[in-house]
Amino acid sequence: ISITINRTKKLRRLKKKLPKITQMILNDVADATVIDLRKRGAQGEGVSGKLAPLKSATISQKRKHGLSKPSTPLYGTGKMTQGTFVKARRKNKVTIAVPSDREDILSYHQEGAGHLPKREWFGISKKHKKVIEKIARIQFKKMLKTL
């Protein structure tokens with residue numbers, strides 16, 4: 001008795017579906033990353049944990065202007081952190097951005113400038129990397145079942 005297992009059909013199907021699988025994973029990761037960035041921004045957390053605290057004068061100034069979270073770093077009006085969005089979904093590429101009127105402010109905080117301490121907020125934290133891996137694993141397994 002001879003048994004032959006022909007896997008070429010499944011491999012061809014996988015090869016054909018791989019770009020779609022990749023794009024679905026990228027889209028899900030982008031959506032989850034936007035949610036993570038917004039959540040961390042509202043809590044005053046950066047890529048590697050809590051952000052450098054604000055000076056008391058800055059907190060007083062933010063209170064004076066009636067801002068909702070005066071002691072939370074990088075959160076004044078919420079335009080930058082809560083305005084984060086998926087800008088483009090193209091073949092094998094997804095772009096996440098902040099509103100264009102906040103790009104300069106973001107870069108000052110990311111890199112630190114003059115008297116501003118570095119407050120790296122826009123990026124992927126170690127905790128979120130694990131979420132991304134889980135999303136990719138779940139989506140890939142789901143797609144393999146359809147072969």
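Student: How many positive and negative side chains does the protein chain have?
Tutor: The protein chain has 36 positive and 10 negative side chains, counting Lys and Arg as positive and Asp and Glu as negative, with His and the chain ends left out. The centres of the two sets lie 10 Å apart, with each charge placed at NZ of Lys, CZ of Arg, CG of Asp or CD of Glu.
Student: And what am I looking at, in terms of source?
Tutor: This is a predicted model, where local features need pLDDT of at least 70, side-chain atom pairs count only at pLDDT 80 or more, and totals for chains, interfaces and linings use all residues. Residues are numbered from 1 along each chain as its sequence is written, and side-chain values use heavy atoms, leaving out hydrogens and water.
Student: Thanks! How many helices and strands are there?
Tutor: The protein chain holds 5 helices and 4 strands; these are DSSP runs numbered from the N terminus, with helices being H or I of at least four residues and strands E of at least two. Along the sequence the pattern reads α-β-β-α-α-β-β-α-α.
Student: Why is it more spread out than a compact globule?
Tutor: The radius of gyration is 21 Å, well over the 15 Å that the globule rule gives for 147 residues, so the protein chain is more spread out than a compact globule. That radius is taken over C-alpha atoms, and the rule is 2.2 Å times the number of residues to the power 0.38. The C-alpha atoms fill a box of roughly 85 × 25 × 25 Å along the principal axes.
Student: New topic: which residues make up the largest nonpolar core?
Tutor: Its 8 residues are Leu14, Ile21, Ile25, Val29, Ala32, Ile132, Ile135 and Met143. A nonpolar core is a set of buried Ala, Val, Leu, Ile, Met, Phe, Trp, Tyr and Cys residues joined through side-chain atoms within 4.5 Å.
Student: Which helices supply at least two residues each?
Tutor: Those are α1 (8-43) and α5 (126-145), and α1 gives the most, with 5 residues.
Student: What does isoleucine 25 touch?
Tutor: Beyond residues up to four places away in sequence, isoleucine 25 touches Ala136, Gln139 and Phe140, where contact means heavy atoms within 4.5 Å.
Student: Last one: is aspartate 36 buried or exposed?
Tutor: Aspartate 36 is buried, with a relative accessible area of 15%; buried means under 20%, exposed over 50% and partly exposed in between, using a 1.4 Å probe and protein chains only. Aspartate 36 sits in helix α1 and contacts Ser125 and His128, leaving aside neighbours within four places in sequence.
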